[in-house]
Every structure is written in C-alpha cells, then in structure tokens.
Amino acid sequence: MNRKEVYENLDIERDYQDIKVQTRRVEQNDVPDTDKSVAEWVNYMEYHLGVAKNMISQLNTSGALGEIRKVTALGVRTMEIHGCPKRIMPEKD
C-alpha cells in the first residue's frame, strides 16, 4: 500500500468519525469537539492504542491496524482543531 492509499483511507476514517460524532452528539448532548483539549484527544488516542496492543497480543494484526487507523485519524482531528506545527526539514548536504 502506498502513502496516497493510506491517506485516502485516513480521509474515509475521518468522514466516518464525523458521522459518528454528529449522531452521538444528538443522542447524548455531547461536548463539541472544538471544546475538547489536546490532552483529551491524547487520552482517546491512548485508549485505542491500548486496544491495538491487546489485539496484537491476540495475534489479530488486522484489528490492530484498524485501531491504528482510528488513532491516526484522531490525531488528524486534533490538529484540525488545535493546529499542526510545521516540520522544519534539515537542509541537505
């Protein structure tokens, strides 16, 4: 799988997350994403990394990769809200 395909799948995951969040927000009167701190997003990501670790221990690589997709998309959402510092690339010799 190449980078473009990975990014396409992450974009689909973000769309899925947006749909799920809107449904949950209506059903549970949930706090808007924009009101959640970076620390809260990190907690969500840590939870799903824990699930991925558990799946690895059960030799469920496919399930673990699904959780990593979720974690990565949660990171994207975090940066959509709070910003994404640019990586400064070192100059090549």
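Trainee: What share of the 93 residues counts as buried here?
Mentor: In this predicted model, 22% of the chain's 93 residues are buried, meaning under 20% relative accessible area with a 1.4 Å probe and protein chains only. Local features need pLDDT of at least 70 and side-chain atom pairs 80 or more, while totals for chains, interfaces and linings use all residues. Numbering runs from 1 along each chain as its sequence is written, and side-chain values use heavy atoms, without hydrogens or water.

Trainee: Thanks! Which elements does the chain have, from the N terminus on?
Mentor: The order is α-α-α, with three helices and zero strands; helices are DSSP runs of H or I with at least four residues, and strands are E runs of at least two. The radius of gyration, over C-alpha atoms, is 15 Å, well over the 12 Å of the globule rule (2.2 Å times the number of residues to the power 0.38), so the chain is more spread out than a compact globule.

Trainee: And what box do the C-alpha atoms fill?
Mentor: Roughly 55 × 35 × 25 Å along the principal axes.

Trainee: Switching to helix 3: how far apart are its end C-alpha atoms?
Mentor: They are 31 Å apart.

Trainee: Which of its residues are buried?
Mentor: G63, A64, G66, E67, V71, A73, L74, G75, R77 and T78.

Trainee: What follows helix 3?
Mentor: G83, with a positive phi near 105°.

Notes:
Expected span 1.5 Å × (residues − 1). Buried < 20%, exposed > 50% of the residue type's maximum accessible area, 1.4 Å probe, protein only.
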